[in-house]
Amino acid sequence: ALLSADDAGGRVRYRGGLQPGAAMTVLSGYHVAVLLSDYEGLGLSVLEGMACGLVPICTRTPNGLPDFLQDGQNGFFVADRESAFDAAVERLLREPDTWRRLSTAARATVAERYSEHAMLDAWQALMNRLVKRGHVSTCDTGCHMLRRDPFRSMQLPSPHPDLLAEDRRYPGLVRALWRRIRFNSRV
């Protein structure tokens, strides 16, 4: 509805869904990835754009994006969706060398931290740590098998009071029985 009211003179269009694998080809034809959310999990769409060399322009979220986006290094965080966003776009238009530098850094960030090779190395490092701690045994062929649950002894912080209804952690035997009796549930 918004695009039908104002399509920025034909410069903005809604493409609809893409076939699997087509996104990377389509993204390669653009220059920036824009994500102006107040909250974002990982920001996979931004990472996919960065892998194609798009420069991300995003609002700062409490988590996810700050894990891989460094303002002025491989993209931009903007303070608002109006003047700060416009200024970031104008800067990239005025300074093509800045766009090239950020584009190269964005692509390198994904290759170094999120490529198949990088992820396999991270999983191998995790398995090695678990083996050292005695949580995993290694068989003769090099496979890893969990000996006991390494996460059972983790002490997680208490859930936020507003999110108690969504907390799915095992509550302990007494509380589980109380919930079952009180609410006639299997939780």
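Buried residues (under 20% relative accessible area with a 1.4 Å probe, protein chains only) make up 22% of the 187 residues in this protein. This is a predicted model, where local features need pLDDT of at least 70, side-chain atom pairs count only at pLDDT 80 or more, and totals for chains, interfaces and linings use all residues. Residues are numbered from 1 along each chain as its sequence is written, and side-chain values use heavy atoms, with hydrogens and water left out.

**Overall layout**
- You'll find 7 helices and 5 strands here; helices (H or I, at least four residues) and strands (E, at least two) are DSSP runs, numbered from the N terminus.
- Going along the sequence, the pattern reads α-α-β-α-β-β-α-α-α-β-β-α.
- Of the contacts (heavy atoms within 4.5 Å) with a separation of 6 or more, 36% come from residues 24 or more positions apart.

**The sheet**
- An open sheet is built from 3 strands in the order S1-S2-S3, with parallel pairing; two strands pair if DSSP finds at least two bridges between them.
- Strand S1 (32-35) and strand S3 (76-78) sit at the edges with a single partner strand each, so one side of each has no neighbour in the sheet.
- On average, neighbouring strands of this sheet are turned by 20° against each other, direction ignored.
- S1 pairs with strand S2 (residues 55-59) in the parallel sense over 4 bridges, and Val 34 has Ile 57 in S2 as its bridge partner.
- H5 packs on this sheet and touches S2 and S3, its direction making about 85° with that of S2; axes are lines fitted to C-alpha atoms, for helices over the stretch in contact, and angles run from 0 to 180 degrees between N-to-C directions.

**H4 against H5**
- Helix H4 (residues 83-94) and helix H5 (residues 96-113) have axes that come within 5 Å and cross at roughly 105°.
- That makes H4 roughly perpendicular to H5 (the label covers 65 to 115 degrees).
- On the H4 side, Arg 91, Leu 92, Leu 93 and Arg 94 meet Pro 96, Thr 98, Trp 99, Arg 101 and Leu 102 of H5.

**Ser 103**
- Ser 103 is part of helix H5 and counts as buried, at 6% relative accessibility.
- Setting aside neighbours within four places in sequence, Ser 103 touches Gly 53 and Val 55.

**H6 and its end**
- Helix H6 (residues 116-133) has 18 residues and reaches 26 Å from its first C-alpha to its last, close to the expected 26 Å (1.5 Å times one less than the number of residues).
- Just after H6, Gly 134 takes a positive phi of about 85°.

Technical notes. Parallel < 35°, antiparallel > 145°, perpendicular 65-115°, else oblique. Buried < 20%, exposed > 50% of the residue type's maximum accessible area, 1.4 Å probe, protein only.
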